[in-house]
Amino acid sequence: MDLSWWNLIPTYFDGTAFTLGSFPVRWYGIMYIFAFVTGYLTLTHINKKENLGYTKEQFDSLFTWIIAGIIIGARLGYVFFYKADYYLANPTEILIPMSNGHFVGISGMSYHGGLILGTVFTIIGIKRNKMDLWKTLNLCFLLAPLAYTWGRWGNFINGELFGEVTTSPIGMWFPLAKDSLVSPPVLHHPSQLYEMLFEGVLLFVALYNLRRIPVLHDKMPSLYLIGYGTARFFIEFFRMPDAHIGRVDLFGMSRGQTLCSLMILTGLIWLIVLIVKQKKAAKTT
């Protein structure tokens, strides 16, 4: 089978952006910086456009909390959601990127862990900076998909978290796949790009437009949980599950689908509660 330029796109990238001495700086780490800068600039733009009255100092402090929560949460989420047994036996590797005296890098970050602890730290940062809790939290969830887009692009450049095997022309040849040396070439779904598009760009566009609807204007957190959870749940059918876990959760779901199911359920309950409270408040006025 002859491979087209599209099929070979993953081979054009090197996960290492540059090196500092003998230390490699990975594109994935740089994407975290791009994500936080995107979120910061978007939030400050909305602050100016809508005259929210927040200061640069408040945003600087808030984003320090957000960054800390996401990074710590993403790491701990991977540890406990995906490889708890291993890290309980090797606890020093949770935060120290060394194994048997060799630098191995911190491998494994969980979106869901970053979401959970990131939300907790965001709330702490909002309160410490005396910002309006619900209004600011709504804005943070609104811009989350836009920032998230960079993370999936980083996964694609790294050639990791690719999808299931496919015979479709949309498939790509990933050098890091275990079957990369098989002949004829085996293609995989570029599920990182699916996620970048549906869980990132399109979800942001959807939330931005739903925010214009009065009844949904202040319900971005619940809508985000529903939107992301739904998109990720279906894309997980095309994404290769973690090799050491597979699809062994309830009803044959992957671990990502299990966590996304909880997201959707939480978002739906949260949305219903908010709407009911809003209707009750309207009746009493």
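Is N51 buried or exposed? With a relative accessible area of 68%, N51 is exposed, where exposed means over 50%, buried under 20% and partly exposed in between (1.4 Å probe, protein chains only). The model is predicted: local features need pLDDT of at least 70, side-chain atom pairs count only at pLDDT 80 or more, and totals for chains, interfaces and linings use all residues. Residues are numbered from 1 along each chain as its sequence is written, and side-chain values use heavy atoms, with hydrogens and water left out.

View A. N51 is not a glycine, yet has a positive phi of about 50 degrees. This residue is found in the loop between α1 and α2; helices (H or I, at least four residues) and strands (E, at least two) are DSSP runs, numbered from the N terminus. L161, also not a glycine, has a positive phi of about 55 degrees. L161 is placed in the loop between α5 and β5 and is partly exposed, with a relative accessible area of 32%.

**View B. The aromatic pair of Y40 and F59.** The structure holds 27 aromatic pairs, counted for rings of Phe, Tyr and Trp (its six-membered ring) whose centres lie within 6.5 Å; planes under 30 degrees apart count as stacked, over 60 as edge-to-face and the rest as tilted. In the pair of Y40 and F59, the arrangement is edge-to-face, at 6.4 Å centre to centre and 70 degrees between the planes. The pair links distant parts of the chain, with Y40 in helix α1 (residues 27–49) and F59 in helix α2 (residues 56–82), 19 residues apart. Both Y40 and F59 are buried.

**View C. The stacked pair of W153 and F156.** The ring planes of W153 and F156 meet at 25 degrees with centres 5.5 Å apart, so the pair is stacked. W153 and F156 are three residues apart in helix α5 (residues 133–158), a separation of about one helical turn. W153 counts as partly exposed at 25% relative accessibility, whereas F156 counts as buried at 2%. Ring pairs join W153 and F156 with F13, F162 and F174 in a cluster.

**View D. K83 over the ring of Y86.** The charged end of K83 sits over the Y86 ring, 4.8 Å from the ring centre. The criterion is NZ of Lys or CZ of Arg within 6 Å of the ring centre and within 35 degrees of the ring normal.

**View E. The salt bridge of E50 and R211.** The structure holds 10 salt bridges, each a side-chain nitrogen of Lys or Arg within 4 Å of a carboxyl oxygen of Asp or Glu. The side chains of E50 and R211 form one of them, at 2.9 Å from N to O. E50 lies in the loop between α1 and α2 and R211 in the loop between α6 (191–210) and α7 (220–235), so the bridge ties together parts that are 161 residues apart in sequence. E50 is partly exposed, with a relative accessible area of 33%, while R211 counts as buried at 11% relative accessibility.

**View F. A salt-bridge network.** Salt bridges link R152, E195, R232, E236 and R239 in a network. Between R232 and E195, the closest N and O atoms are 3.6 Å apart. This pair links distant parts of the chain: R232 belongs to helix α7 and E195 to helix α6, 37 residues apart. R232 and E195 are both buried. For the salt bridge of R239 with E236, the closest N and O atoms are 3.7 Å apart, and both residues are buried.

**View G. Nonpolar cores.** The largest nonpolar core has 35 residues, and L43, Y224 and Y228 have the most contacts inside it; such a core is a set of buried Ala, Val, Leu, Ile, Met, Phe, Trp, Tyr and Cys residues joined through side-chain atoms within 4.5 Å. Two or more residues of this core come from each of α1, α2, α4 (111–128), α5, α6, α7 and α8 (255–283). Beyond its neighbours within four places in sequence, L43 is in contact (heavy atoms within 4.5 Å) with F59, L62, F63, L139, C140 and L143. A second, separate core of eight residues includes F162, F174, L193 and M196.

View H. T16 stands opposite R26 in β2. Two residues lie between the strands of this hairpin, where G21 takes a positive phi near 70 degrees.

Definitions and conventions: Pairing = 2+ DSSP bridges.
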